[in-house]
Amino acid sequence: MKIPLVPTLFALASITIAGAGLEPLADPGPVVNVTLGGAADHPGEIQIRSGAGTRGALMQSRNTTPSAGALNRAFLLRDGQLHRLPEPGRPDVRLMDGDFIQIPVRQPYGRDARERRTYVLKLAGSKKYSDRLFHQRNLDLEGTWRTNWWYGVRGRELRTPDDDYLSAFISPLPGRFTVCPDTEKYLGIDSGDRPESLLVLTFSDMLAHGLPADRLDRMKDRERFILSAICEAINATPYRLVMGTSSGRMTIDHTYTFIRSAAGKHGEFGEKAARFLVDHMPKADKENLTAEFLLENLTLALKARETFPWAADVPEEIFFNDVLPYAVFDEPRDPWRAEFLELATPVVRDARTAAEAAQLLNRDFFKLINTHYHTGRERTNQSPRESIEQGKATCTGLSIILVAACRAVGIPARAAGTPLWWNRSGNHTWVEIRDDGEWHFTGADEYNENGLNRGWFTNHAARADADNPVHAIYATSWKKDEGRFLMAWAPDSRDVGGVNVTDAYTTRDAEPDDRPTIGVRFFNNEDTREAKPGTLTTPAGTPITTFTTHAGTTDLNDTPRVPVTPGDSYRFRFVIDGRPRETAPFTIDGDHPDIRDVRPADLTEAPDFSDDADDATPLTRDLAARAIDFTYESLVAEDREKRRAELDEKSITRDGHTMRWLEKTFGPEDPPPGGRSLWISMHGGGGAPERVNDQQWRNQIELYEPEEGIYVAPRAPTDTWNLWHQAHIDVLFARLIENMIALRGVNPDKIYLMGYSAGGDGVWQLAPRMADRFAAAAMMAGHPNDASLLGLRNLPFAIFMGGNDAAYNRNTVAAEKSEKLAALHEADPEGYPHLSRIYPGVGHWMNLRCAEALPWMAEFTRDPWPAKIVWHQSRVVHHRFYWLRVPEGTAEPGATLTATLDGRTIHLEGDVPDGTELLLSDHLLDLDEPVEIRINGGPPVEHRPVRTLATIRSALRERLDPAATPTAAITLP
């Protein structure tokens, strides 16, 4: 037998080396004869000594006398580099666990005397003793070389490599080596000439070879044993020889016997199949599986290949990789193939293709074995037998069964799955089968009558990430050439080969739904899933979408998924015993919402704010707040399409007047907390041809740039001189504001009004009469005409004017109004905040110096519930102002009504029509306590406000402004 010059490297853990001056070398140099020896006074160490006349043997002896000339030709392999050992004369070289010693030697005699061979000794914590070795056995290796192999070990493992030369490999086993009381077997090896026979060394063998009985007893007492054995490689066949563990168990690698038996029974193809199976077999299977198990699996696989029409044409490499294997993942190894072949054959009898057969198996096989999805299974990676005995398995166990059933009838099958979905909603496993040269997928025990490549998880799979190992999709492979299958239950394991097949799912026809979604499961009081109709609602209870939860044998992660928005809050609502019940509000965190489980104990009775509810029933403060949100959301939903069309067209028509606008959005792409601001900027012109006003309109959109918000330049509906004074402007602006709040995310408390020239005229008029809609206002170069400033009590107001803008006395009137505002503020220090800028030497055009208004205005936020209100009716009368309302037809131009809250007393002064309403909110005062009302100094009258749905509905239908919506109303006689 020729023995080639090939180094053998067994890669275990790399261990550090205690020693000095190791010099990296590229080549070990010429071969030498060496002897290995051990010294009793160096426990945990081994000494390398050179010697002569050893006839090429690797020996362990008690010789401690170093010989020069050979030590510099033995080398240490560490971290992938070859190092020369220290110079001769320093015989004690300490080598720790994990070191490799490579020793080239020359065969000194025989027909192969010129052949070189390289031996590699891997050290793993061995202890050498000075005791005399007690056993040797000579073995003729096909007549080419006769030598002695002596090993001194304690509880170690001896192995021969899978090539044509000998090597010693010493590694630790767990526990200490002890006597097996039943058989007294310590070590099993193949005798060589009879591969199926076993040579066993026992105490009797040792005694027969001269080991004194008292010496054996002493070793037994110390639980230390020194054994020797003969190892050889026969026809490049690997053998694994494992010495006893702490239980005295002995295991033997039977793969050589399996390969020889496969060749004898099934010829060249059988041997090739067996070698493929063994070459990629996990280490544990080589230690634990018998030749009989492996041979039966191969024989039945070949029988299926001969029996079923689709199996005969399966390419050899696919058959070996995806039909022949006896396992899918790291599940316990069951001999399932015979039983599954018997059960599956009648199921697929009428199938014409592998795809048809797989569909039939998915439909009927799980019923035959009465095993379905259940989270009560004992573990994830159950073997088929374990799952069948329990009648329970999750997606992984069911996939293992379906893969096995398909393989039993010759269908190439493999498991596919992801360790974690992209939205972090868990892992999942399913099955792929090969038909007509392509792989197709299906959920295990999830038969779909429409065919393969369908499943609840397709949208999830379409969002997988091939470059992220955790979020990629893998298919199992017996050979590990392309990588590993990352198993969620054993993320560090490399025992299962895998192929990254993510692209096959992300490039399918179905487009992934990019919207974040959340899944929901409903469990009854017995903690069993139920198929339950439900509704996703807003926190207020407004329905968003309906769904039905899944139950029965569906996968635990197979849930209805409803679209949601990260950062928003929601509730789930279910009907229990005929009554609507709901969860507490929950907020969606992150971009990848997960799954929520709901149980009856999580639900409370849901309030009814629908049109059928009693709108006079008193509400608590919390319920009133929810009723505002619910009613507001319902009203927006009723009119959503019309409002959206108006925003899309940038055009609103009311009472025969149409207002168009231009707009720009400033600031970050994502709106700030609370919503965007809205800036309404009115153009100049007026009393001019349409083309002139159009030019002024288009110029207005370019004038100002707020730091943040939606900037709107409306086009006046008319071209008259008073284009911004007329009553229709109030109605059109109110609709624009409501649309922006409802559909564009505008904050109702951050709406700002400004205008230039004729637009400034409009600010003088609109700001006082609509002060309760704005956070601040700024007038640029306009004339007030007959406008009153009284209504500006709670509205910050800015005046900007050129000092030389004398047309219509704008400059002098602006100065007078500035002084008037200052006087009003001095008389009422908490009211009439203002800013006045009259630029000397500047005419009507202020060169945008007035742009300083925008940062000043942005500092203010509307207070919809001020403690004091001054309501002055202009020529365009209103019936509601802040928290006051007068009956229709009672408002008179020039009338003034002042309302002041002092503690729990409200003082009304001025023009107070009969039927005046106080529209109250807990934002203004505690509505659970009585309130006193005094009119024009009269006696106080106590009232007890009641929060009702009727008040909320009436107010929101009149003005869609949730921040300013009252919950209780008091009507004065």
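Is Lys 664 buried, partly exposed or exposed, and at what relative accessibility? Lys 664 counts as partly exposed, at 28% relative accessibility. Here buried means under 20% relative accessible area, exposed over 50%, and partly exposed in between, with a 1.4 Å probe and protein chains only.

## Basis and confidence

This is a predicted model, in which local features need pLDDT of at least 70 and side-chain atom pairs count only at pLDDT 80 or more, while totals for chains, interfaces and linings use all residues. Residues are numbered from 1 along each chain as its sequence is written, and side-chain values use heavy atoms, with hydrogens and water left out.

The pLDDT is the predictor's confidence in each residue, on a scale from 0 to 100. Its mean over the protein chain is 77, and 73% of the residues reach 70 or more. Over residues 1-74 the pLDDT stays under 50, and the model has 184 contacts beyond four places in sequence for them; a contact means heavy atoms within 4.5 Å. Residues 86-252 also have pLDDT below 50, with 411 contacts beyond near neighbours in sequence.

## Overall composition

The protein chain has 20 helices and 48 strands. These elements are DSSP runs numbered from the N terminus: helices are H or I of at least four residues, and strands are E of at least two. Of the 973 residues, 54% count as buried.

The chain exposes about 42500 Å², of which carbon and sulfur atoms supply 47%; the areas come from the Shrake-Rupley method with a 1.4 Å probe, and for residues only the protein chains shown count as cover. Among contacts with a separation of 6 or more, 65% are between residues 24 or more positions apart.

Two strands pair if DSSP finds at least two bridges between them. S34 pairs in the parallel sense with strand S36 (residues 746-756) over 6 bridges, and Met 754 in S36 is the bridge partner of Ser 681. A parallel pairing over 3 bridges also joins S34 to strand S35 (residues 709-715), where Val 712 stands opposite Ile 680.

## Nonpolar cores

A nonpolar core is a set of buried Ala, Val, Leu, Ile, Met, Phe, Trp, Tyr and Cys residues joined through side-chain atoms within 4.5 Å. The largest has 113 residues, and those with the most contacts inside it include Phe 733, Leu 753, Met 780 and Trp 883. Helix H16 (residues 727-743) gives the most to this core, with 9 residues.

Beyond four places in sequence, the contacts of Met 780 include Tyr 704, Met 754, Phe 800, Met 846 and Cys 850. Apart from this core lies another, of 50 residues, among them Ala 311, Phe 340, Ala 393 and Val 496.

## Salt bridges

A salt bridge is a side-chain nitrogen of Lys or Arg within 4 Å of a carboxyl oxygen of Asp or Glu. By this rule the count is 40. Asp 639 and Arg 643 form one, with the closest N and O atoms 3.6 Å apart; both lie in helix H14 (residues 621-649), 4 residues apart, about one turn of the helix. Asp 639 is partly exposed at 21% relative accessible area, whereas Arg 643 is buried at 6%.

Glu 646 and Arg 735 meet in a salt bridge at 2.9 Å, N to O. Glu 646 lies in H14 and Arg 735 in H16, so the pair ties together parts 89 residues apart in sequence. Both Glu 646 and Arg 735 are buried. Glu 702 and Lys 664 form another salt bridge, with the closest N and O atoms 2.9 Å apart. Glu 702 is in the loop between helix H15 (690-700) and S35, and Lys 664 is in strand S33 (residues 657-666), so this pair ties together parts 38 residues apart in sequence. Salt bridges that share partners join Asp 639, Arg 643, Glu 646, Arg 654, Arg 735 and Glu 738 into one network.
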